[in-house]
Amino acid sequence: MLAEDRCKKILDILDSMGSVTVQQLMDELDTSESTIRRDLVAMDKKGYLTKVHGGAIANNTNIHTQDKQNRSEKEQIARYAASLIVDNDFVYIDAGTTTAVMIDYITAKNVVFVTNSLTNAKRISDRGYTVYILGGEFKSTTEAIVGDEAVVTLDKYNFTKGFWGTNGITVKNGFTTPEIKEAMVKKKSMENSKEKYILADDSKFSQVSSIKFADFEDAVIVTNALNNDNYKKYKNIKEV
């Protein structure tokens with residue numbers, strides 16, 4: 001893999017997770033420790049991220065992060081996703097940048113929400129809605145609840161709709177994410193949702209991360225105008 005491609009993948013991972021270890025990057029990119037450390041040093045010098053002991057954290061001022069590169073696309077996706085929520089729905093909202101944006105556009109009444117994101121929980125509550133947050137392990141870098149206990153908590157819920165982010169989408173590998181504890185929560189919450197929506201800009205297509213949490217056909221994919229013609233034929237893709 002070329003250095004430029006590794007750089008993009010590292011930034012994609014940081015966009016989702018907030019921080020990452022050298023070991024995680026070695027596993028995700030199938031690259032040696034020395035190469036990863038060299039990449040992190042170079043990217044830190046360019047201001048793309050902040051290198052810390054054993055890994056790196058996202059640089060919020062970095063104009064090259066996926067969040068800023070695709071802000072308008074995320075807004076379009078989030079606005080459409082919010083319109084899918086109707087009065088009296090019982091909704092699961094995943095942690096993530098696009099799911100966070102959709103909260104501002106929700107107008108339905110008497111909706112109850114469940115989330116694994118402390119940030120999303122506060123924003124939903126500030127909008128005047130009832131919101132429940134999962135119990136479990138707190139991941140400070142993403143302010144999300146993850147792991148076994150969160151999965152157990154999800155057992156009691158049956159959602160009318162759910163909305164998730166993803167790091168990668170392919171027909172063969174389905175929806176993937178770099179971190180196994182987050183994947184466990186995504187997988188279980190999707191299993192307990194009647195209607196399932198993946199919110200992803202077109203940069204996530206043809207990308208594969210380490211951990212699969214659902215099959216390609218398991219959810220409707222809400223995305224912006226696709227540049228990849230290979231996916232346009234699939235009926236579960238909604239371009240907005």
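## Close-up views of the helix packing and sheets

**View 1. Helices α1 and α2 cross in the right-handed sense.** In a right-handed crossing the near helix is turned clockwise from the far one, and in a left-handed crossing anticlockwise, by less than a right angle. The model shown here is predicted, with local features needing pLDDT of at least 70 and side-chain atom pairs counted only at pLDDT 80 or more, whereas totals for chains, interfaces and linings use all residues. Residues are numbered from 1 along each chain as its sequence is written, and side-chain values use heavy atoms, without hydrogens or water. The axes of helix α1, which covers residues 3-17, and helix α2, which covers residues 22-29, come within 11 Å and cross at roughly 125 degrees. This angle makes α1 oblique to α2 (under 35 degrees is roughly parallel, over 145 roughly antiparallel, 65 to 115 roughly perpendicular and the rest oblique). Axes are lines fitted to C-alpha atoms, for helices over the stretch in contact, and angles between N-to-C directions run from 0 to 180 degrees. Helices (H or I, at least four residues) and strands (E, at least two) are DSSP runs numbered from the N terminus. Where the two helices meet, α1 contributes Arg6, Lys9, Ile10, Ile13 and Met17, while α2 contributes Gln24, Leu25, Glu28 and Leu29. The residues of this contact of α1 with α2 divide into five nonpolar, one polar and three charged (Ala, Val, Leu, Ile, Met, Phe, Trp, Tyr, Cys and Pro are nonpolar, Asp, Glu, Lys and Arg charged, and the others, Gly among them, polar).

**View 2. Helices α2 and α3 pack at an angle of about 115 degrees, with 9 Å between their axes.** At this angle, α2 is roughly perpendicular to α3, and the crossing of the two helices is right-handed. The residues in contact (heavy atoms within 4.5 Å) are Val22, Leu25, Met26 and Leu29 of α2 together with Glu33, Ile36, Arg37 and Leu40 of α3. Sorted by class, the contact of α2 with α3 holds six nonpolar residues, no polar ones and two charged ones.

**View 3. Helices α1 and α3 pack with their axes 11 Å apart and at an angle of about 80 degrees.** The helices α1 and α3 are therefore roughly perpendicular to each other. On the α1 side the contact is made by Arg6, Cys7, Ile10 and Leu11, and on the α3 side by Thr35, Asp39, Leu40 and Met43. By class, five of the residues in the contact of α1 with α3 are nonpolar, one is polar and two are charged.

**View 4. Three antiparallel strands make an open sheet in the order β1-β3-β2.** Strands β1 (19-21) and β2 (49-52) stand at the edges with a single partner strand each, so one side of each has no neighbour in the sheet. Ignoring direction, neighbouring strands here are turned by 20 degrees against each other on average. Strand β2 is joined by four bridges to the antiparallel strand β3, residues 55-58 (two strands pair if DSSP finds at least two bridges between them).

**View 5. Another open sheet has three strands in the order β10-β11-β13, with antiparallel pairing.** The edge strands, β10 (168-170) and β13 (211-214), each pair on one side only, and the twist from one strand to the next averages 35 degrees. Strand β11, residues 174-177, pairs with β13 in the antiparallel sense over three bridges, and Thr177 has Ile211 as its bridge partner in β13. Helix α9, residues 180-191, packs on the sheet and touches β11 and β13, its direction making about 15 degrees with that of β13. Strands β10 and β11 are antiparallel and joined by three bridges, with Phe175 in β11 as the bridge partner of Ile169. These two strands, β10 and β11, form a hairpin with three residues between them.

**View 6. A search of the whole structure finds 13 aromatic pairs.** In the pair of Phe90 and Tyr157, the ring centres are 5.8 Å apart and the planes stand at 70 degrees, so the pair is edge-to-face. Rings of Phe, Tyr and Trp (its six-membered ring) pair with centres within 6.5 Å, and planes under 30 degrees apart are stacked, over 60 edge-to-face and the rest tilted. Phe90 lies in strand β4 (residues 90-93) and Tyr157 in the loop between α8 (148-154) and β9 (159-164), so the pair ties together parts that are 67 residues apart in sequence.
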